[in-house]
Number of protein chains: 2
Amino acid sequence: MTAAVITTIIGMGRWQPDAMGRLQRAALELYRDRGYDQTTVAEIADRAELTERTFFRYFADKREVLFGGSDLLEQRLLDALAATDPASPPLEQVAAALVTAGEVFADRATSRLRHEVISAHAELQERELMKLARLGAAIADTLRQRGVADPLATLSAEAGIAVFKVAFERWIAKAEKRSYDVLFRDSFAELKAAAMN
Amino acid sequence: MTAAVITTIIGMGRWQPDAMGRLQRAALELYRDRGYDQTTVAEIADRAELTERTFFRYFADKREVLFGGSDLLEQRLLDALAATDPASPPLEQVAAALVTAGEVFADRATSRLRHEVISAHAELQERELMKLARLGAAIADTLRQRGVADPLATLSAEAGIAVFKVAFERWIAKAEKRSYDVLFRDSFAELKAAAMN
DNA sequence: CGAGTGATGTCAGCGACTGACATCGACCAT
DNA sequence: ATGGTCGATGTCAGTCGCTGACATCACTCG
């Protein structure tokens, strides 16, 4: 392990370092430049100086290469949720956790580029929706473990995800300057206002 | 056209009638019995006494064959939304429309079967999430056309969809006897309560 | 020094999906 | 009636996503 780290740092091992990262960058560039469906996995692998077979060892399919960060987001989110006051209203717990989890986002320009690529292709949107749904399910699970009954647990999780989607879209909108947490809190306040009638 | 209808009714045309319906039924049965990924499109086509090529003329891909009703749902939903009071709070408009749109659901047993098949396969869940996302986008568009500003329009649509998902899942839960509209209204009330803190 | 390991490559194959073209009853105009 | 058009289907060949089985070979460790 130590030796592996050293060869990674020095970059003189049998293989060039960071194969996964090379694949991710190659894919993002090609998807951006030629479009998702005009790009073959073989081309991605070529650009990363690897083979198609190796691509599929790192990523389950052609879409997954764009969603490397979602495990990290989920972990951060669940940690943040665990740190909230279990006595506070569930929706407030979820909102607080979603604010905290925003720390893991890459810089705005990168997030914007990635989101543009995803928005341009239905298959990629489907995968993104799936990641968010998993996130919602994980939140709901945690709430249930904390004693929140259904349907409140599921509803709080789903509503939180809805606010998250809106806040994230606002955050990467052109010319938007406000920070993610400001936008999230604003969107959350708007949801509460909308629900009070 | 008249002749086409007659041959369809009598069923003596050059081809057996209702090719699309035969494909849908064959697919649902095979997905249920052998699982989605153990079923090939060629097998579905065979059971429907058609060819693979014809399958792909009716459905864009192997998943889409399970989602024939979603255009109808969207149409019904937008009609219902147009019929609500534009002066009422947007979230109330959305909720009212989602109650009405529930009329298009097939009987509970069929919905349950279809949902079981979908729940068993991630690829199918992705497609379902995409359909719901499109529904949400259509709702938000209509609200904006009616003068509702963003982010309120998007938030109302997304929150409505969240309630819909929860209500639908409850509706098809084992042993559930209450009607969809009762469950929707109950879930909606729960969301409002959750947001009032 | 030899055995084992792990990241990668090679190869063959299946199945989803597509474009181009063929078929052939039904329908229509003359 | 006759010929021409049309529309739903079939045939065929090909590309690409994805997988299992097996090979390679620098590196590591005993």
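Begin by selecting chain A in this predicted model and colouring by secondary structure: read along the sequence, the pattern is α-α-α-α-α-α-α-α-α-α, which amounts to 10 helices and 0 strands. Among the contacts in chain A with a separation of 6 or more, 58% are between residues 24 or more positions apart.

Next, select helix 8 of chain B, residues 122-145, where 24 residues reach 35 Å from the first C-alpha to the last, close to the 34 Å expected at 1.5 Å a residue. Which residues of helix 8 of chain B are buried? Show the side chains and you will find B:Leu124, B:Leu132, B:Gly136 and B:Ile139 among them. What covers the buried residues includes helix 5, helix 6, helix 7 and helix 9 of chain B, together with helix 8 of chain A.

Finally, display both chains and look at the contact between them, which takes 30 residues from chain B and 30 residues from chain A. On the chain B side, helix 6, helix 8, helix 9 and helix 10 each supply at least two residues, and the largest share, 10 residues, comes from helix 9. If you colour that side of chain B by class, you will see 17 nonpolar, 5 polar and 8 charged residues.

Methods
Residues are numbered from 1 along each chain as its sequence is written. Chains are lettered from A and ligands numbered from 1 in the order in which they are written. This is a predicted model: local features need pLDDT of at least 70, side-chain atom pairs count only at pLDDT 80 or more; totals for chains, interfaces and linings use all residues. Helices (H or I, at least four residues) and strands (E, at least two) are DSSP runs, numbered from the N terminus. The expected span of a helix is 1.5 Å times one less than its number of residues. A residue is buried if 20 or more other C-beta atoms lie within 10 Å of its own, exposed if 12 or fewer, and partly exposed in between; C-beta atoms are placed from the backbone. Two residues are in contact if their C-beta atoms, placed from the backbone, lie within 7 Å. Ala, Val, Leu, Ile, Met, Phe, Trp, Tyr, Cys and Pro count as nonpolar, Asp, Glu, Lys and Arg as charged, and the others, Gly among them, as polar.
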